[in-house]
Amino acid sequence: MQKDISLPLNVNTFHKRFFVIVVYIIIHTAQKPVMAQSQTFSPSLENTELLKTLLTKAEKTYEDEIASLPSQDKKDLVELYKSRWENVKETFDTKEIYTSSSAQQYIDALLKEIVKANPLLAVNNVQCYFSRSGIPNASYIGEGIILFNMELFSKLNSESQAAFILCHEIAHFYLKHAENSIAAYVTKLNSEDIQSQLRSIKKNEYGKRQELEKLLKGITFDTRRHGRDHESQADSLAVEFMHNAHFDVSESLTTLALLDSVDTDDLDVSATLQKMFNAKEYPFQKRWIAKEEGLLGGHAVLDKDEALSDSLKTHPDCKLRIKTLEPLVDKYSQISSPKNVVDLKKFIELKNIFPYEVVEYAFTSNNYTKSLYYTTRLLQDHASDPYLITNVGRVFNGMYDAQKSHTLGKVIDLPSPFNQPNYNLILQFIQNLYLGDFAAINYYYLKQYESQLNDYVFFKNIYNKSAQLIKQ
């Protein structure tokens, strides 16, 4: 393209810098979810007919896949493919897949941009859907389906970061990593060496279980090792896909850095709970967050182990993956590419709305503690948000009803050493409440917003119910 010389150089430079500054402000003021006060969040309606159609399509892919499996070890292969299919089916049955047409149009456009620039992908029928999961992850789940979790998308800073994640999962699909891992596992399990060891274990009079667990642990470890090799392969191919589609490949490294810390939660839950639920009429009680000790109380704490801590991350080995990927990124470092290619405005809109959809999905999936946890986090930046305030009341009303009907265990999680400490504190808090606490805490929490939100129908209904429950 010929250089524009119609304006003096200093004016051109000013306009370029002004444009860069404007784009920077747009992106960085959107790092935290923002819901305009005049636009109270309203959940997207589920399209159940669309989910049925998509499930039927996925099932056809699964059936074709089963039919094409080799005859050798087919019984074992079918068993593992069936297990994978059950997981795929569950995402549809639980309505985890987001059916908003505008959101789907955006992810389709992002996928189209990548496929258009990489002709070798044109023959592959890959689909990508947004998942309403609160886990910061994305994954290729089989049957040509990639799930991009809302929680992860909402933490991204550019379309190039989203493109890297999508390209990474496309690479897993294109390279058939999952299918190759299944085949390798079955081949090894049915090898003469493993079968000989199994026969030997079967003859033992004692310690069969321990020996069997040791053998299977070795196979699993080997599978995990190859799985981590697959991550680096997918990273490298993803950068090539990105480069061809003219996304900023340097954002692959910023994405991996973000993934390395994506599980970190620095919210002071103890202070937050005491601030939220310290009404004059019903003051906060220290016993509500006290950790019970003993056989049935409290929860175990894992010893500090850096290797274990990394393996428990949603995305392990990120520092190593960055180091491995840097040479390839440097190869393209002289090529200037935009961070945002498809639709920056829509990208910002979706990343702002998704945390609210995660809150809603947790509640409608009958996981009240997760819904409360996600709500509490969002309230730190949006303390007067009508939907979030009301959802706290909805969760407490629901837990009161469940406690009264002796079904609370069906709608809450229990403390576990594998949970984030902040989430465990929320869970401990719920465990320590009596039936009357649920009613009183909720009523006096909502009461302080009565005059402010009385015109909000959702709030009014929840508040009125809480007023009834406290009288029971």
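Biologist: In which loop is the place of Asp248?

Modeller: This is a predicted model, in which local features need pLDDT of at least 70 and side-chain atom pairs count only at pLDDT 80 or more, while totals for chains, interfaces and linings use all residues. Residues are numbered from 1 along each chain as its sequence is written, and side-chain values use heavy atoms, with hydrogens and water left out. Helices (H or I, at least four residues) and strands (E, at least two) are DSSP runs, numbered from the N terminus. Asp248 lies in the loop between helix 9 (208-244) and helix 10 (251-261).

Biologist: Does Asp248 count as buried or exposed?

Modeller: Buried means under 20% relative accessible area, exposed over 50%, and partly exposed in between, with a 1.4 Å probe and protein chains only. The relative accessibility of Asp248 is 13%, so this residue counts as buried.

Biologist: With the side chain of which residue does the side chain of Asp248 make a polar contact?

Modeller: A polar contact is a pair of N or O atoms within 3.5 Å; within protein, one must be able to donate a hydrogen and the other to accept it, and residues adjacent in sequence count only if both atoms are side-chain atoms. At 2.7 Å, the side chain of Asp248 meets this criterion with the side chain of Ser250.

Biologist: Leaving aside neighbours within four places in sequence, with which residues is His230 in contact?

Modeller: His230 lies in helix 9 and counts as buried because its relative accessibility is 15%. Contact means heavy atoms within 4.5 Å. Beyond its neighbours within four places in sequence, His230 touches His172, His177 and Ser181.

Biologist: How many of the five residues of strand 3 are buried?

Modeller: In a regular strand the side chains alternate between the two faces of the sheet. Ile145, Leu147 and Asn149 point one way from strand 3, while Ile146 and Phe148 point the other way, and all are buried. Strand 3 is largely enclosed by the rest of the structure because the number of its residues that are buried is five of the five.

Biologist: Which residue of strand 3 is the bridge partner of Ala138?

Modeller: Strand 2 and strand 3 form a hairpin with two residues between them, and Glu143 in the turn has a positive phi of about 55°. The bridge partner of Ala138 is Phe148.

Biologist: Are the rings of Phe41 and Tyr356 stacked, edge-to-face or tilted?

Modeller: Rings of Phe, Tyr and Trp (its six-membered ring) pair if their centres lie within 6.5 Å; planes under 30 degrees apart count as stacked, over 60 as edge-to-face and the rest as tilted. By this rule the count comes to 31 aromatic pairs. Phe41 lies in the loop between helix 1 (9-28) and helix 2 (48-67) and Tyr356 in helix 14 (residues 344-364), so their pair ties together parts that are 315 residues apart in sequence. The centres are 5.4 Å apart and the planes at 35°, so the pair of Phe41 and Tyr356 is tilted.

Biologist: Over the ring of which residue does the charged end of Arg394 sit?

Modeller: A charge sits over a ring if NZ of Lys or CZ of Arg is within 6 Å of the ring centre and within 35 degrees of the ring normal. The charged end of Arg394 is 3.9 Å from the ring centre of Phe363.

Note on methods. Pairing = 2+ DSSP bridges.
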